[in-house]
Each structure stands twice: as C-alpha cells, then as structure tokens.
Amino acid sequence: HSLPEAVQASLNLLAQRRAQGEPMAYILGEKEFYGAWFKVNPAVLIPRPETEHLLEAALDRLPENGAAWDLGSGSGIVAIMLKRMRPAATVWGSDISPAALAVAQENGARLGAAVHWRLGSWFDIPAAPAAHSLDVVVANPPYIDAADVHLQQGDLRFEPQSALTDHQDGLSAIRILVAGAAAYLKPGGALLLEHGFDQGAAVRNLLAEHGYADIATHTDLAGLDRITLGQYRL
C-alpha cells in the first residue's frame, strides 16, 4: 500500500528528527513510568527507570493518610504516582518552570491525581505545606556537574539543561534540599534524594552534617548508588 503524500511527508519529518538524535519520547510525546503513561515534551526530563527506585522508597515511608512533597516535579511522575498509590495521602508537587508545571498539571488531571501543584524555586513557593507536617520530602534535583561531557551526548542534548545540571558541581541543589527539608518534616519523616552514581558519599555526608539519622544509600539495578535518604529527628 502506498502512503498518501501528506502521511509520507509527516513520516519523513519524524524520521529526520530521530536521525538527528531527538529522543523517541519527545517525538511520540509520551513515556511510560511505573505502569502509567505521561505526556512529555522538551520542557521536562524524560522519565527514567532509575527514578522508580525513588518512588518506591518514598512509598515505603508514606503512610496511607500521610503527606508528601515532591520538589522539582518536572512532568509530575513522582508526585502523581505517590497520589495514585496513596489516594488518601496529601501530596504537593512544585517546579520553578511554568512550562514544566503545566505538563505536570495536565498529567495529573489526565491520570486522576489530585496533587497540590505550586510554582516556585525549591522551598520558596506560595501556600507551602505547614512546618513539620510532612512524612516525606522527595526530589530528583539537577545533579550533573556542569563540566560533565555527557551533557553534550545522546538524549541529554535535547532535555532541559536546568533540570539536568545546577551549572555548578552537581551538589548545590542537593545542599538546598538537605538544609531546608527539616523545617517541613515531621519527627521521623524522611528526605529522599535521587543523585548521580558517584555522589552517594557526598549526599550521606550532607545529611549527617544536618543531623539526619538512619542515613542510607540504595543502588539501582546496575548496582550504582542512586537514592540516598535520611530521617529527620528533633
């Protein structure tokens, strides 16, 4: 069967985009995460399997009627899945990018997740959660060192740089999160952070310096350090 000219032309354009290296998720406009399909575009990172470890660790620490805040939500995958898996919980999601937050809000509405979305930089948001009210604070912040050559390779060339790198040493956002989360966590609440494969020790040290207890690093399926968490205590 011969394709109509308009369809053939559209296919050729899509093939050209892929030949130039554009990720399939952006071409298709969606990506699967933890069994659900999420809209994605170049305003947000493409969901990755490693982040499912972050979600699972957060779910382990979020009671049925608990409260959680996902900072730097991007497409909303963590906040939305927390709400879907814990329907009675109260979940906030925030991002500094209006374009990213619009994607998260659309995904939340389509997937039936009533997340409290907020626009702002880390803890500087309007109508933030009350002090010491959260069981979980979770984030997948920009953690790639600005000098990392991978930023100029593969899919990373097409993803929002501000969501990948802090334009510094890869730890500046993590420092902000570690320093600020304690004001929002209940005693016994947990801060969970996704980070680079070589940052586990540095993140554990930051948590220890700020008085967190039961600090631990979880590895991904490749055996690489990927998630570090600590428990807030008075």
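User: Where is H132 found?

Analyst: The model is a predicted one. In it, H132 is found in the loop between β5 (116-119) and β6.

User: What makes the phi of H132 worth a remark?

Analyst: Most residues other than glycine have a negative phi. H132 is not a glycine, yet its phi is positive, at about 50°.

User: Why is H132 called partly exposed?

Analyst: Its relative accessibility is 38%. Buried would require a value under 20% and exposed one over 50%, so H132 falls in between and counts as partly exposed.

User: Where is D214, and what makes it exposed?

Analyst: D214 has its place in strand β8. Its relative accessibility is 58%, and the cut-off for exposed is over 50%; D214 therefore counts as exposed. D214 also has a positive phi, near 50°, although the residue is other than glycine.

User: How do you know that V138 is buried?

Analyst: V138, which lies in strand β6, has a relative accessibility of 0%. Buried means under 20%, so V138 counts as buried. Leaving aside neighbours within four places in sequence, its contacts are L54, A58, W69, D70, L71, V78, L82 and L192.

User: Why is the pair of R48 and E159 called a salt bridge?

Analyst: Side chains of opposite charge can pair when their charged atoms come close. The closest N and O atoms of R48 and E159 are 2.5 Å apart, and the definition asks for a side-chain nitrogen of Lys or Arg within 4 Å of a carboxyl oxygen of Asp or Glu; the pair therefore qualifies. The structure holds seven salt bridges.

User: What makes R48 and E159 a link between distant parts of the chain?

Analyst: R48 is in the loop between β2 (36-39) and α3, while E159 is in the loop between β6 (134-139) and α6, and the two are 111 residues apart.

User: Are R48 and E159 buried or exposed, or in between?

Analyst: R48 is partly exposed, with a relative accessible area of 28%. E159 has 3% relative accessibility, which is under the 20% cut-off, so E159 counts as buried.

User: How do you know that D169 and R175 form a salt bridge, and where do their accessible areas place them?

Analyst: Their closest N and O atoms are 2.7 Å apart, which is within the 4 Å limit. D169 is partly exposed at 32%, and R175 is partly exposed at 36%.

User: What is the distance in the salt bridge of D220 with R226?

Analyst: The closest N and O atoms of D220 and R226 are 3.1 Å apart, and both residues are buried.

User: Why are the buried residues of α8 said to be on the same side of the helix?

Analyst: The buried residues of helix α8 (residues 200-209) are G200, V203, L206 and L207. They cover an arc of only 130° around the axis, and so they lie on the same side of α8. What covers them includes α7, β7 (185-194), β8 (213-219) and β9 (225-231).

User: How many residues line the largest pocket, and of what kinds are they?

Analyst: The largest pocket, with a volume of about 1200 Å³, is lined by 50 residues, of which L45, P141, P142, A163 and L164 lie nearest its centre. The lining divides into 22 nonpolar, 17 polar and eleven charged residues.

Terms used:
Residues numbered from 1 in each chain as written. Predicted model: local features only at pLDDT ≥ 70, side-chain atom pairs only at ≥ 80, totals over all residues. Heavy atoms only, no water. 1 Å grid on protein atoms, 1.4 Å probe; cavity = no way out; pocket = protein on both sides within 12 Å on 5 of 7 lines; lining within 4 Å. Points joined across faces, edges and corners; volume = space filled by probe spheres on them. Nonpolar A, V, L, I, M, F, W, Y, C, P; charged D, E, K, R; others polar. Buried < 20%, exposed > 50% of the residue type's maximum accessible area, 1.4 Å probe, protein only. Helix = DSSP H or I, 4+ residues; strand = E, 2+ residues; numbered from the N terminus. Arc of directions from axis to C-beta. Contact = heavy atoms within 4.5 Å.
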